[in-house]
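Here is a short report on one structure. Have the sequence and the model open as you read.

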Amino acid sequence: MNAAIVGVGATTFSSESGRSELALAVDAIGAALADAGLDAADVDGMVRYTYDSNGFPALIRALGVRGLRFFSEVPLGGSATCGTIAHAAAAVDAGLASHVVCFRALNGRSGVRLGRAERHLRGGADEVVCAGEQMPGGVYSAPYGLLVPAQVMALWAQRYAWQHGIPLDRLARGLGTVAVTQRGYAQANPRATTYGDPLTLEDYLAGRMIASPLRVFDLCRETDGAVAIVVSRADESRGGVRVLAAAQQLFPYTEALPAYAPDVTATIPPWSTDDFFARAGITRDDVDVLGVYDATTLSVLFALEDFGFCGRGEAIDFVCDGGTTLAGRLPTNTSGGLLSEAHVHGLNIVMEAVQQLRGASTSQVAGAEVALVHSRSASLVLGR
Amino acid sequence: MTRLGIRPETAGLSQAFWDGARRHELLLQRCSACGRHWHPPSEFCPHCRSSTWAWVAAAGGGTIYSFTVVHHAVHPVLADRLPYTVVLVDLDEGARVVARSAGAQPEIGRRVTLGFADYDEISLPEFAAADGG
């Protein structure tokens with residue numbers, strides 16, 4: 001693709017920004033444009049998350065954008081993260097726009113919380129009403145108390161362990177190792193919300209059970225903040241990070257939070273990943289660093305298996321052998337990820353992949369040339 | 001009866017589903033063209049795209065696909081329910097449903113039998129071990 005990420009920017013990440021989501025978006029986009037050496041007047045394309053509260057009209061007025069030639073949005077929440085870059089890359093590659101801004105701005109802790117059920121339920125303390133058919137939180141799930149993503153992922157985790165004959169204490173050690181490894185990365189990253197707050201496996205195991213088998217440290221950090229990313233044509237930018245391939249993926253019953261899929265432990269079918277690497281012109285052995293939309297620790301295990309970095313049911317061995325550490329085969333979520341840096345609905349994972357390929361990560365992988373980023377319903381291969 | 005605290009807002013297919021549960025029937029759709037069953041409800045058969053189908057009551061047998069025991073209330077209305085168990089059950093008809101768990105902690109792969117728990121607002125499908133254990 002003739003597309004490159006030429007700028008990244010972020011606000012500080014906190015539990016209470018004290019600012020509007022518009023102010024967060026403007027701040028992050030301004031930082032990304034400055035990073036790209038562009039002005040707001042250069043921007044002629046934007047991609048938003050459908051979940052974002054900022055619409056294009058108010059945002060372009062606030063930013064001083066002269067006009068948009070291309071704008072789109074991506075549904076399905078954080079699973080769509082890489083889809084925003086896919087849209088932007090396709091737009092610049094096809095000539096629909098020259099400089100496209102992707103962004104996500106949310107008061108995810110002090111405002112609407114994705115880990116709470118209030119967003120699905122109307123009414124007071126006595127009786128609340130659920131509506132619609134979404135999983136979870138709709139009329140076929142909410143009455144049973146199945147309301148938030150972590151509970152659905154708990155159902156996946158329980159099944160995953162059973163399907164591969166993994167004892168629950170081994171599962172806990174595997175998931176805990178993901179949590180501890182990423183918390184370790186966050187200790188080098190001053191932007192991380194857990195900076196200065198390390199975690200041991202003992203701490204992890206002592207964490208309270210939220211929805212068995214997932215504990216509190218298996219879950220990502222609800223965060224206030226924003227991230228923006230600027231995509232331009234690769235042949236007209238210098239030093240950008242190339243988008244080697246981008247894909248969106250949607251399969252029947254494997255939508256964002258599946259409960260009805262024949263196998264809930266595979267996020268995408270195998271033929272999809274082989275095709276994806278081929279389009280990027282790489283093999284999986286070329287991947288130096290991995291970014292995963294880690295709503296829970298389990299997402300990391302699934303991504304390692306989905307992309308063939310280890311066999312089905314073997315991801316716990318991979319992480320317990322240090323495979324995702326800086327010294328390992330595939331350093332993963334090296335900013336701390338959603339688990340330990342911040343939950344900016346995934347766009348901070350893309351930002352970290354860019355930093356790795358620029359040689360500017362706080363946990364730099366020596367000589368990193370190719371990054372894979374996966375957010376369930378979309379994936380990217382980035383290269384320098 | 002006791003209050004559940006959460007009421008589904010129903011219309012069309014979802015109204016038929018919850019009206020069925022009130023009569024202690026777990027309604028599935030059965031395709032008139034290919035004979036297969038499905039859930040959640042849809043106008044179209046997900047197997048053959050037929051839009052000709054009929055409601056049928058599940059016979060009641062199934063297998064636990066997965067479960068979770070929830071220990072944290074994500075809304076105040078759930079605080080009195082803790083801890084509670086949610087199960088995914090593969091019905092013998094070939095459709096999967098979310099349900100309540102009755103009795104002992106579920107085990108994946110275990111045979112279960114359908115029952116219903118009656119609340120003021122609705123009746124919830126629930127499953128217990130088929131051998132009573």
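## Backbone and sheet

A:Leu76 sits in the loop between β3 (70–74) and α3 (81–93) of chain A. Helices (H or I, at least four residues) and strands (E, at least two) are DSSP runs, numbered from the N terminus. The phi angle of A:Leu76 is near 75 degrees, a positive value in a residue other than glycine. A:Leu76 counts as buried because it has 20 C-beta neighbours inside 10 Å. A residue is buried if 20 or more other C-beta atoms lie within 10 Å of its own, exposed if 12 or fewer, and partly exposed in between; C-beta atoms are placed from the backbone.

This is a predicted model: local features need pLDDT of at least 70, side-chain atom pairs count only at pLDDT 80 or more, and totals for chains, interfaces and linings use all residues. Residues are numbered from 1 along each chain as its sequence is written, while chains are lettered from A and ligands numbered from 1 in the order in which they are written. The predictor gives the complex an ipTM of 0.97 and a pTM of 0.97. For chain B, the mean pLDDT (the predictor's confidence in each residue, from 0 to 100) is 96, and 98% of its residues reach 70 or more.

Chain B also has a positive phi. B:Arg49, a residue other than glycine, has phi near 65 degrees. B:Arg49 is found in the loop between β3 and β4 of chain B. B:Arg49 is exposed, with 10 other C-beta atoms within 10 Å.

| Cis peptide bond | Omega |
|---|---|
| A:Ser212 and A:Pro213 | about 5 degrees |
| B:His39 and B:Pro40 | about 0 degrees |

A:Pro213 lies in the loop between β7 (209–211) and β8 (214–215) of chain A. B:Pro40 lies in the loop between β3 (37–38) and β4 (53–57) of chain B.

Now the sheet. In chain A, nine strands form an open sheet with mixed pairing, in the order β3-β2-β4-β9-β1-β10-β13-β12-β11. Two strands pair if DSSP finds at least two bridges between them. The edge strands, β3 and β11 (289–292) of chain A, each pair on one side only.

How many bridges join β12 to β13 of chain A? Five bridges join strand β12 (residues 370–374) to strand β13 (residues 378–383), and the two run antiparallel. In β13(A), A:Val381 is the bridge partner of A:Leu372.
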